[in-house]
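This briefing concerns aromatic rings and the groups around them. Please examine the sequence and the structure before reading on.

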Amino acid sequence: MASSVQSSCTFLLATNHRHSRPPPSSPHSLTPAGRQRRSHLFQVSCKQQTPPPPSSEGKVDRRNMLLGLGGLYGAANLIPTNPESATANPIEAPEFKACGAARDVQTGDLLDINCCPPTSDKIVDFKLPPPPAKLRVRPPAHKVSKEYLAKFEEAIRRMKALDKSDPSDPRGFMQQANIHCAYCNGAHDQVGFKDLDLQVHNSWLFFPFHRWYLYFYERILGSLIDDPTFVLPFWNWDNPKGMQMPKIFDSSGSPLYNANRNQKNRPPAIIDLGFSGATEDLQVVVNNLTVMYSEMIRSVNSTLDFMGQPYKAGDAASPGMGSSERGSHVAAHVWVGDPRNKYSEDMGNFYSAGRDVLFYCHHANVDRMWSIWRTLKTDVPKDIKDPDYLNAAFLFYDENKQLVRVKVGDCLDHKKMGYEFEKVDTPWLNYKPTKKAAKAKIQKIAADAKTVDALFPLNLKKITRVLVNKSAKGKADEVLVLENIETDSTKFIKFDVFVNDEDDGSVELDKAEYAGTFAQVPHKAKDKKAKSTISLRLTELYEDIDVADDDTVVVTLIPRSNGDDVTIGGIKIIASPPRSG
């Protein structure tokens, strides 16, 4: 049996309360006290201005505040497209001049590498060129031709050669790898907010940031081999035929090879997207298919459930992951990372992930998941119309070594960016768990379950059953909410969630009772403790397990990794919130 592992790394409910914001600071004073900054800094012209006067209600308009702070956006870019929005508050592209040191996730020691990008005195607002008459087609990595592989290896070989010929060339392999380190491990502060990390994971920025990242990475590789049609392959881990580490990455003489990988997971090992402990290959495969169906369809109640939670200027980092980010995305990172290394480098930690070429192949499939999800005919809207999402910006170097600013709103349609994906089967699309043959005996399951009040806050040291009241009897349209999940952000965290399951510690996820999962990739943050909330849709699950007219269910929480470092503040079942937002 296989149920979906919805690796819920860090995911907040759509009704998530905004974090209180620290007062904005001048862009000229972005260095936190006691925090070392790099001497190589790129200069952006910023004039410190007097903060704007309060509004008639005595509140400062955040849009005016950001403009007054001399951010990288022009006024036109900050004008909301939604007439109902009185302010614009998107995350701005970072100021490289204020880039600081990324640090070890646990000790706080400086990393062995300067993650900060090269300096530049010119930024260009990037405009997508017209898509070619024939779109570039990204192939599945397990099916590439010898001719394609030769091109791919030569492009990476030349990119790595730049590390020696000109280490400051932004197109070089390590410079490209460091993009992920700087954006993900605390090297950049938010513009205008002193000592507040800019983080592109664990929020609605996850998909668009990585799409732009791969877009320029791909263009750079193509330019290095004089082939504008070059594309990255995708690791087809959602299909049984692609559930091994692609063999093109496992040849020690190839520039695609990386010794810092889990040696137990080299081909022909099957990737485990569920991390349930299953050992039989067939069970791992069906678990994987269930994970995919869950994170793409079954447990997704709203747009933000899939995309991740809103993240705006002044918000604390990591408001919450979407289902795909905290699911298959986290699993592949951790599965590939090398446990022989202190922090599972390279793929097993954000700061080092870009040092493995497989990272870009993995994220090409993550990007593919976003493109597929947008085509699914479900009752969940696929677009986020908030201007603070559409106007959020990043900086990248293009293939001509020009520093460019890009916006989220310009990358929503991958075909307009000139590429598509080779068509392959998606067997998970209809991989629904088998309906339970007989209704669970709630009285029997509840015998060793405790009430919410008796258990929470809960340190998840062991498998725990809890009796949770429903918002309505029977097969209601409801979501399960696990609130204020506090974790150690430096560790791989994973636990699974089941409803009315009569088995404890099951390694089978392809079962009707499986509701989803929570997982996170270790990462550096100023505050070692991360807090989030996840929401799992129960509507289809109720149909599959037959809750009849029950007004309570038993939720089983199964820690899979570092449960001692997880404390869950509360749990409840509520009526389904709106599908959008």
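Over the ring of which residue does the charged end of Lys160 sit? The charged end of Lys160 sits over the ring of Phe173, 4.9 Å from its centre; a charge sits over a ring if NZ of Lys or CZ of Arg is within 6 Å of the ring centre and within 35 degrees of the ring normal. This is a predicted model, in which local features need pLDDT of at least 70, side-chain atom pairs count only at pLDDT 80 or more, and totals for chains, interfaces and linings use all residues. Residues are numbered from 1 along each chain as its sequence is written, and side-chain values use heavy atoms, with hydrogens and water left out.

**Charge over a ring**
- Lys382 lies over the face of Trp373, at 5.3 Å from the ring centre.

**Aromatic pairs**
- Rings of Phe, Tyr and Trp (its six-membered ring) pair if their centres lie within 6.5 Å; planes under 30 degrees apart count as stacked, over 60 as edge-to-face and the rest as tilted.
- By this rule the count is 34 aromatic pairs.
- One of them joins Phe126 and Tyr215 edge-to-face, at 6.0 Å centre to centre with 70° between the planes.
- Phe126 lies in the loop between β1 (124–125) and β2 (136–138) and Tyr215 in helix α5 (residues 206–224), so this pair ties together parts that are 89 residues apart in sequence; helices (H or I, at least four residues) and strands (E, at least two) are DSSP runs, numbered from the N terminus.

**Burial**
- Phe126 counts as buried at 13% relative accessibility, where buried means under 20% relative accessible area, exposed over 50% and partly exposed in between (1.4 Å probe, protein chains only).
- Tyr215 is also buried, at 1%.
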